[in-house]
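Here are a few friendly notes to read alongside the model. Keep the 3D view open and find each residue as it comes up.

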Amino acid sequence: MLSLHFNKEIFINALKANKNMVTYMSTTVALLVTLIIHGLIQGNLKPEYFLYAFIVSIAFYIWAVVDQKHRQQKHINSTE
């Protein structure tokens with residue numbers, strides 16, 4: 001039987017350090033698992049779908065990082 005060891009402290013520290021990265025990585029994994037399940041049920045699983053899902057996840061992550069930096073800069077400018 002395969003045993004998976006999950007260290008909660010490492011996950012919690014990563015979540016505190018970079019919330020966007022953890023959120024989008026878990027969303028990417030969930031999306032890929034959903035694609036696998038859907039492909040197994042429908043029978044038309046194509047590798048391109050995984051590439052598209054990964055590209056979209058990266059795009060949303062970049063969008064969130066840029067948005068967060070823009071909001072921080074706007075907040076700094078408004079307090080001056």
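1. Let us begin with one residue and its neighbours. Thr28 touches Phe54 and Ser57, where contact means heavy atoms within 4.5 Å and residues up to four places away in sequence are not counted. The side chain of Thr28 also makes a polar contact with the side chain of Ser57, at 3.1 Å. A polar contact is a pair of N or O atoms within 3.5 Å; within protein, one must be able to donate a hydrogen and the other to accept it, and residues adjacent in sequence count only if both atoms are side-chain atoms.

2. A word on how to read these values. This is a predicted model, in which local features need pLDDT of at least 70 and side-chain atom pairs count only at pLDDT 80 or more, while totals for chains, interfaces and linings use all residues. Residues are numbered from 1 along each chain as its sequence is written, and side-chain values use heavy atoms, with hydrogens and water left out.

3. Now the overall fold. The protein chain has three helices and zero strands, and its pattern along the sequence is α-α-α. Helices (H or I, at least four residues) and strands (E, at least two) are DSSP runs, numbered from the N terminus.

4. Is Thr28 buried or exposed? Thr28 is buried because its relative accessible area is 9%, and buried means under 20%, exposed over 50%, and partly exposed in between (1.4 Å probe, protein chains only). Thr28 sits in helix H2.

5. Next, the aromatic rings. The structure holds one aromatic pair. Phe60 and Trp63 form this pair, which is stacked, with 5.7 Å centre to centre and 20 degrees between the planes. Rings of Phe, Tyr and Trp (its six-membered ring) pair if their centres lie within 6.5 Å; planes under 30 degrees apart count as stacked, over 60 as edge-to-face and the rest as tilted. Both residues lie in helix H3 (residues 47–79), three residues apart, about one turn of the helix. Phe60 is partly exposed at 39% relative accessible area, whereas Trp63 is exposed at 56%.

6. Helix H3 also holds Val65. Val65 counts as partly exposed, at 22% relative accessibility. Val65 and Met21 are 44 residues apart along the chain, and their C-alpha atoms are separated by 9.1 Å.

7. Finally, look at burial and surface across the whole chain. Buried residues make up 9% of the 80 residues in the protein chain. The chain exposes about 7200 Å², and carbon and sulfur atoms supply 67% of that area. Accessible areas come from the Shrake-Rupley method with a 1.4 Å probe; for residues, only the protein chains shown count as cover.
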